[in-house]
Amino acid sequence: MGQTIIEKILARASGKAAVAPGDYLEVTTPCPTVMAPHSAMDKGAGLITEWNAKIYDPTKVMLVDGHLGATASHGAAEKRKALREWAATVGVPEENLWDLGRSGIENMVAVEQVWARPGECYFQGVNGHISTAGALGSFASALSFGTAAYLLRGVNWVKVPQTIKLVVSGEPRADCTPRDVSEYVLGQLGPSGAVGAVLEWTGPYIDSLDMEGRFAICSQALFTGAWTAIMNPDDTTMRWVSERIDTSDLEPQVSDPDAEFAAVLHFNVDGLTPRIVPPPRRHEIHDLKDYLGIKINRGFIGSDANGWLRDMNHAARVLKGNKIAHHVILNITPGTPRVLKGAVESGAFMTFLESECVVPTPNEGMEWGANTPLTDGDVCIASAQTNYPGRMGGKTSQIFLANPAVVAASCIAGEIVDPYEFFEGK
C-alpha cells in the first residue's frame, strides 16, 4: 500500500521508514519557527524567560510583526517592545526580527521566504491559517501552547492524521476566484467535516492555479475542523520555490497513486459563481445572488486569504475609473511589502488612491480590527477569514465575506452587487 504525502513527510521527519494514521511520533525539521508579537509572549515565549531557559537554536526563530502593523491599537507598541526585549534576552539575531517596513502577515511572509519547505514539517507559534504553507507541499501546523516546549527542545510530537483527498475539476465563472472555490468546497464539508484530518487538494482545477491561488485555498482548512491542508508539489510549485531559494537539498514528496485516504471527494466547479458568507456563522456559505442589494458602509480587502497581488489586481480591475460611494470606507491592505511593491508596479496602488480607498501598511490589519475598526451598526463586506460578532470591532456590526471583486464592486455601489459586468467578455 502506498503512502500519502503527509505520511511520507512525517516518516522522514521522525526517522522512520513508514508511518500510519494514529501513530505517535517525535519529529524535527530544518525549517525555522515563526512567532508574532500579538501572541508570542502568552503562547509560550514568555515561559522561556520565566524559567531562565535557553532556546534550542535562536537562529531558527523568526519574529514577524504580522498582525499589528502601524496601528496604535491592541497595545501594539508594548507588545512589539516586549518581544524585542525577549529576543535580546534569548539571543535571537536582530536580522530575524521582521518589524515595520519588512513585516507582513506572518503566514504570507513564511511562504514568500520559503521558510516552509516542500517535503518538510513547518511549525509556527500560533495562527491556524498557517495551513497556507501547505500549498508548498509542507506539513504546516501551529504550535500554540506547545510553543515553549518546542523552543526548548526543537522537537514536536505529532499524531499522524488521516487525509481527506479533495479532487476539484471544472472552470468557474470569470469573476469567481480560488477563494470562492474553497468556500464552495468547505460549505459542502461543513464545520466538522474533516475534524483532525488533513485536506489534500488535487485535481485539474488545482493544477491550473498559480501559487497565490493555491495559498488562498489552503489558508481556510480550519473552517472544516481540519488540522491543516496540503498540495502535492508540481512544476508550478518548484519553479516558484527555485526563484527564491536553493532547491538542491530539497526532497519534495507526493502521494502515491495507491495511497489510502480516509475519503476521496470530487467537486465540479464548472460555471461556479461567487460565494458569500453572511454573518454571524462562518460555515453558512451561499451564492452571492441570495444577498444582493444589502446596504453596506464599510469594506475590507486583505487577509491571508486575499492579501496577495492577484487579489490587489482583481480589485483594481473593478475600481479602475470608479470611486467608492461617499458613505463607504474601503480598506485595502496588502499582505506583505512584496505584494505592496507589486501593486505599485502594476498600477493597482494608484487605482486604489484614485478610487479614494484607505491603504495601510502591510499586515493583518482590519481582519481583526487593528486598523479602521468597525463600530456598532456598521455593515461590512470583506475578503477576511472570519465574520463572527466583534471580529473587526463593534459587537453589533455585521461582516459579509466575499472575494475582492465583490467587495470592490459593492463599495462602489454602496450595496452588495454582482461584479460580473467588470469581467463579462474579457
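Is Lys8 buried or exposed, by its relative accessible area? Lys8 is buried, at a relative accessible area of 18%. Buried means under 20% relative accessible area, exposed means over 50%, and partly exposed lies in between (1.4 Å probe, protein chains only).

These legends describe a predicted model, in which local features need pLDDT of at least 70, side-chain atom pairs count only at pLDDT 80 or more, and totals for chains, interfaces and linings use all residues. Residues are numbered from 1 along each chain as its sequence is written, and side-chain values use heavy atoms, with hydrogens and water left out.

**View A. Lys8 and Asp256 form a salt bridge.** The N to O distance is 2.7 Å. A salt bridge is a side-chain nitrogen of Lys or Arg within 4 Å of a carboxyl oxygen of Asp or Glu. Lys8 lies in helix α1 (residues 5-14) and Asp256 in the loop between α9 and β11 (263-268), so the pair ties together parts that are 248 residues apart in sequence. Helices (H or I, at least four residues) and strands (E, at least two) are DSSP runs, numbered from the N terminus. Asp256 is partly exposed, at 25%. A search of the whole structure finds 23 salt bridges.

**View B. Arg117 meets Asp249 in a salt bridge.** Their side chains are 3.2 Å apart, N to O. This pair links distant parts of the chain, 132 residues apart. Arg117 is in the loop between α4 (106-112) and β5 (121-124), and Asp249 is in the loop between α9 and β11. Arg117 counts as buried, at 15% relative accessibility. Asp249 is partly exposed, with a relative accessible area of 46%.

**View C. Arg173 pairs with Asp418.** The salt bridge spans 2.8 Å, N to O. Arg173 lies in the loop between β8 (163-169) and α6 (178-189), and Asp418 in the segment after α14 (404-413), so the pair ties together parts that are 245 residues apart in sequence. Asp418 is partly exposed, at 31%.

View D. Side chains of opposite charge can pair when their charged atoms come close.

**View E. Trp98 and Trp115 are one of eight aromatic pairs.** Rings of Phe, Tyr and Trp (its six-membered ring) pair if their centres lie within 6.5 Å; planes under 30 degrees apart count as stacked, over 60 as edge-to-face and the rest as tilted. Here the centres are 5.2 Å apart and the planes stand at 85°, so the pair is edge-to-face. Trp98 lies in strand β4 (residues 97-98), and Trp115 in the loop between α4 and β5. Both residues are buried.

**View F. Phe123 and Tyr150 meet edge-to-face.** Their ring centres are 5.5 Å apart, with the planes at 65°. Phe123 lies in strand β5 and Tyr150 in helix α5 (residues 147-153), so the pair ties together parts that are 27 residues apart in sequence. Both are buried.

**View G. Two arginines sit over aromatic rings.** A charge sits over a ring if NZ of Lys or CZ of Arg is within 6 Å of the ring centre and within 35 degrees of the ring normal. The charged end of Arg244 is 3.6 Å from the ring centre of Trp240. Arg282 lies over the face of Phe223, at 4.0 Å from the ring centre.
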